[in-house]
Amino acid sequence: MSEVYEPVIVGFLCNWCSYRAADLAGTARLHYAPNMRAIRVMCSGRVEPDLVLKALREGADGVLIAGCHPGECHYIEGNLKTLRRYTLLKRLLAQFGVEPERVQLLWASASEGPALAEAVDRMTEQLRALGPLRWKASVLGSNGYHPMAAVPCGGEAEVSDRLVAEV
Amino acid sequence: MEEKVGVYICHCGTNIADTVDVMDTAQWASEQPHVAIAREYKFMCSSLGQELIENDIREYGLTRVVVGACSPHMHEKTFRGACQRAGLNPFLFEMANIRELDSWITNNKEAATRNAKAMIKGAVERVVLHQPLDYLPVEINPHTLVVGGGIAGITSALELANSGYHVYLVEREASIGGHMAQWDKTFPTLDCAACILTPRMVEVGQHPNITLLTYSEVENVEGYLGNFTVTVRKKARFVNEELCTGCAICEEKCPKKVIDEVFNVGMTHRKAIYKPFPQAVPMYPVVDRATCTYFIKGKCKACEIFCPAGAIDFEQQDELIQLQVGSVILATGFDAFDATRIPQYGYGRLSNVFTSVELERMLNASGPTAGKIGLRDRNTQPESVAIIHCVGSRDENYHEYCSRVCCMYSLKFAHLVRERLPEAEVYNFYIDIRAAGKRYEEFYHRVMKEGANFIRGKVAEVTDIARTPEEEGKLVVQVYDTLAGMQRRIPVDMVVLSLGMEARHDAQKVAQLFGLGCDLSGFFIERHPKLDPVLTMVEGIFIAGACQGPMAIPESVAQAAAAAVRSSGLISQETVLMEPVRAHINEAKCSGCRICNNLCPYTAIVFHAERQVSEVITAMCQGCGTCVAACPSSAISGAHFTHEQLMAQVQGLLWDMSEPESRELAAV
């Protein structure tokens with residue numbers, strides 16, 4: 001590649017910790033990769049898998065979900081529910097051939113502006129290396145049909161093989 | 001009906017305009033679907049900027065407003081107000097944070113402008129789906145709970161009670177007074193702690209507006225701002241408070257002596273039935289169940305036999321009391337650092353190494369030595385005393401922070417030791433002297449002039465192994481003197497470790513009980529470190545004193561008074577308006593699967609078995625949206641964060657990504 005690929009990350013930030021961490025990073029003028037577009041949710045527990053899939057489908061190269069540290073959730077334990085859903089979602093995405101780096105979960109408290117900035121930098125680097133997600137081609141298959149429908153079992157290897165061949 | 005959106009882009013002086021091409025962004029925005037008008041302005045939050053929006057709403061009949069400016073945490077309220085003044089429901093407004101999340105994080109103008117457009121597009125797509133909402137009025141219960149009966153809790157309780165409001169004061173120990181009751185003199189004025197504290201304790205005990213619950217702990221907290229239900233366990237004292245006169249005959253007659261670990265930090269004995277200290281409030285003693293002979297062997301009851309009032313009651317049980325309060329002030333204080341965690345200072349191993357708390361008790365005229373300074377043998381007066389600063393503080397192995405009070409109380413020790421033992425040499429080993437406070441620096445100079453020695457350096461070790469004859473039988477303080485640039489070994493008779501302050505060992509537990517957060521050091525997190533130091537992230541729960549961070553008495557008292565004012569402010573409003581961000585279940589769609597029931601951390605979702613549907617109790621819902629995300633039938637909608645709104649926002653955010661293939665080619 002002659003140029004660096006600039007990925008786009010959709011960030012779901014919880015109102016109480018992570019959005020404030022992002023505010024803090026800005027206020028402190030911490031420069032980090034301008035590759036994240038943020039959405040404020042009240043709690044990371046509000047982030048339904050549908051929203052993550054929507055972002056990937058609409059062209060995002062990655063999704064970052066950020067919430068309060070376990071035990072510090074403003075809503076007591078919403079972040080733990082996020083963790084449960086996230087774990088399941090990751091397994092689903094792996095079956096689609098979506099690389100694990102593309103969807104990440106981060107705990108960032110309101111004081112951890114630098115941690116959030118670092119995470120965005122790190123994720124941007126990882127996604128630059130991976131290149132664009134190309135949902136239609138790599139997840140739905142080049143002609144738009146669902147690859148899993150054609151290969152009910154053992155499909156995982158085939159999908160990733162194809163990915164390697166394409167990338 | 002097609003919505004008419006007004007988009008307003010703020011320059012924020014140069015804060016945004018230097019990085020984001022605001023002119024281009026406004027021009028672009030005006031061409032987007034739904035957008036009726038787009039403008040940019042130097043300072044959108046100024047009164048002129050707000051008027052601009054208000055006039056446009058009236059003139060162009062705008063039905064939605066988007067402002068691209070700073071963080072919603074900064075100015076969402078401001079612009080909601082502008083909408084409201086122009087007759088638009090404040091929730092038909094959305095903010096795009098193009099400052100903190102965009103212009104301030106990069107110098108790349110192209111990327112920043114692209115992000116600004118994306119965020120504004122996301123906001124526009126979202127705002128057209130917004131629904132008008134009304135703030136929820138919440139009635140405020142006029143009673144307040146204060147947790148912790150130290151100087152901070154006492155101050156909060158008295159401030160509120162004297163303003164005419166009723167207060168429940170809950171204290172874990174048998175008496176209020178807290179740490180301050182243990183101290184001897186207070187710096188820098190050297191007035192005695194008891195002289196200024198005990199009148200306030202008595203006032204608390206007698207105040208008609210204060211219900212004092214000592215020997216009690218909060219066990220459960222439910223509810224929300226204005227309406228908390230708090231369950232308090234009042235531990236059995238085995239003394240009937242109605243009958244007890246506080247004559248203390250029981251204490252005299254009790255045959256069981258135990259070490260007083262709490263108030264006198266193990267330096268003396270108390271009885272199994274005891275008052276923590278003579279001026280205790282309330283004056284009733286408690287029977288210590290763990291050591292009382294009757295509870296261990298099943299017989300004794302000497303106290304009961306001798307009590308002239310018949311107040312001893314061995315049948316007493318713990319009581320669970322439910323309190324209804326509108327707000328809570330937490331003033332749970334601090335723990336002193338555990339000196340045994342630094343083995344090289346020898347506490348617990350070398351008998352004449354003392355902690356600062358022990359020295360306080362020793363200096364106190366009503367303490368275990370009646371104010372005499374002596375070594376552990378209780379007879380020998382020390383001829384030389386080393387005071388080691390920053391024990392547990394300013395040390396990356398223990399606590400990185402400065403405990404703020406130790407310099408000053410160490411200087412006070414230097415003064416008091418020389419006052420009582422004029423012949424004794426006093427050495428202060430310090431890293432820096434931090435005497436920032438009213439008349440603190442003057443006190444430091446006074447102590448220096450009095451002839452105390454100051455050695456700048458962090459003590460490496462305290463040892464009893466002598467290298468020279470004059471070190472024989474002494475404690476040797478090994479230190480690198482950073483001013484003289486040399487190693488020193490200073491033999492002394494007594495070493496005092498100036499302990500730092502740390503968060504209570506159970507602060508985390510208390511935080512969870514009340515739904516608060518703790519910072520990395522374990523202290524409770526305030527809403528804003530500068531502008532809102534006494535409110536927590538939970539509406540209606542305030543913090544005061546050293547549970548928020550290390551602080552001395554004056555700051556604790558100031559915070560306590562501030563918390564009381566905030567609490568009384570809520571009460572005087574009678575009702576407050578709460579954000580209407582709440583979940584709601586559409587009964588027609590609800591399948592009755594009950595997945596949401598167990599998810600709710602506030603048990604705000606009830607199941608109606610007869611109709612096989614769940615319902616959200618609006619007053620209890622806090623609006624996190626966890627149930628909304630989980631509902632498999634999409635029956636739950638979260639006001640202001642609906643599925644449709646968030647999906648539209650995602651789509652808008654990625655407006656320029658619809659042709660990822662072509663984008664990729666351009667990049668290659």
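Trainee: How do I read the two faces of E2(A): which residues lie on one side, and which on the other?

Mentor: In a regular strand, side chains alternate between the two faces of the sheet. In E2(A), Met36(A), Ala38(A) and Arg40(A) lie on one side, while Arg37(A), Ile39(A) and Val41(A) lie on the other, and all are buried. A residue is buried if 20 or more other C-beta atoms lie within 10 Å of its own, exposed if 12 or fewer, and partly exposed in between, with C-beta atoms placed from the backbone. This is a predicted model, in which local features need pLDDT of at least 70 and side-chain atom pairs count only at pLDDT 80 or more, while totals for chains, interfaces and linings use all residues. Residues are numbered from 1 along each chain as its sequence is written, and chains are lettered from A and ligands numbered from 1 in the order in which they are written.

Trainee: Which strand pairs with E2(A), and over how many bridges?

Mentor: Strands of a sheet pair through backbone hydrogen bonds, either parallel or antiparallel. Here strand E1 (residues 9-14) of chain A pairs with E2(A) in the parallel sense, over six bridges. Phe12(A) has Ile39(A) of E2(A) as its bridge partner. Two strands pair if DSSP finds at least two bridges between them. Helices (H or I, at least four residues) and strands (E, at least two) are DSSP runs, numbered from the N terminus.

Trainee: What is the order of the open sheet of four strands in chain B?

Mentor: The order is E2-E1-E3-E4 (chain B), with parallel pairing. Strand E2 (35-41) and strand E4 (93-97) of chain B each have a single partner strand, so one side of each is left without a neighbour in the sheet. On average, neighbouring strands of this sheet are turned by 15 degrees against each other, direction ignored. Strand E3 (residues 64-69) of chain B runs parallel to E4(B), joined by five bridges. One of the residues involved is Gly68(B), whose bridge partner in E4(B) is Ala96(B).

Trainee: Which strands does helix H2 of chain B touch when it packs on the sheet?

Mentor: Helix H2 (residues 47-60) of chain B touches strand E1 (5-10), E2 and E3 of chain B, and its direction makes about 160 degrees with that of E2(B). Helix H5 (residues 109-127) of chain B also packs on the sheet, touching E1, E2, E3 and E4 of chain B. Contact between two residues requires C-beta atoms, placed from the backbone, within 7 Å.

Trainee: At what angle do H2(B) and helix H3 of chain B pack?

Mentor: Two packed helices are described by the angle between their axes and the distance between the axes. H2(B) and helix H3 (residues 72-85) of chain B pack at about 35 degrees, with axes 9 Å apart. Axes are lines fitted to C-alpha atoms, for helices over the stretch in contact, and angles run from 0 to 180 degrees between N-to-C directions. H2(B) contributes Gln50(B), Ile53(B), Glu54(B) and Ile57(B) to the contact, and H3(B) contributes Thr78(B), Ala82(B), Cys83(B) and Arg85(B).

Trainee: Which residues of strand E18 in chain B point one way, and which the other?

Mentor: In strand E18 (residues 327-330) of chain B, Ser327(B) and Ile329(B) point one way and Val328(B) and Leu330(B) the other, and all are buried. E18(B) is joined by four bridges to strand E6 (residues 144-147) of chain B, and the two run parallel. Thr144(B) stands opposite Ser327(B). Three bridges join E18(B) to strand E29 (residues 541-543) of chain B, also in parallel. Leu330(B) stands opposite Ile543(B) there.
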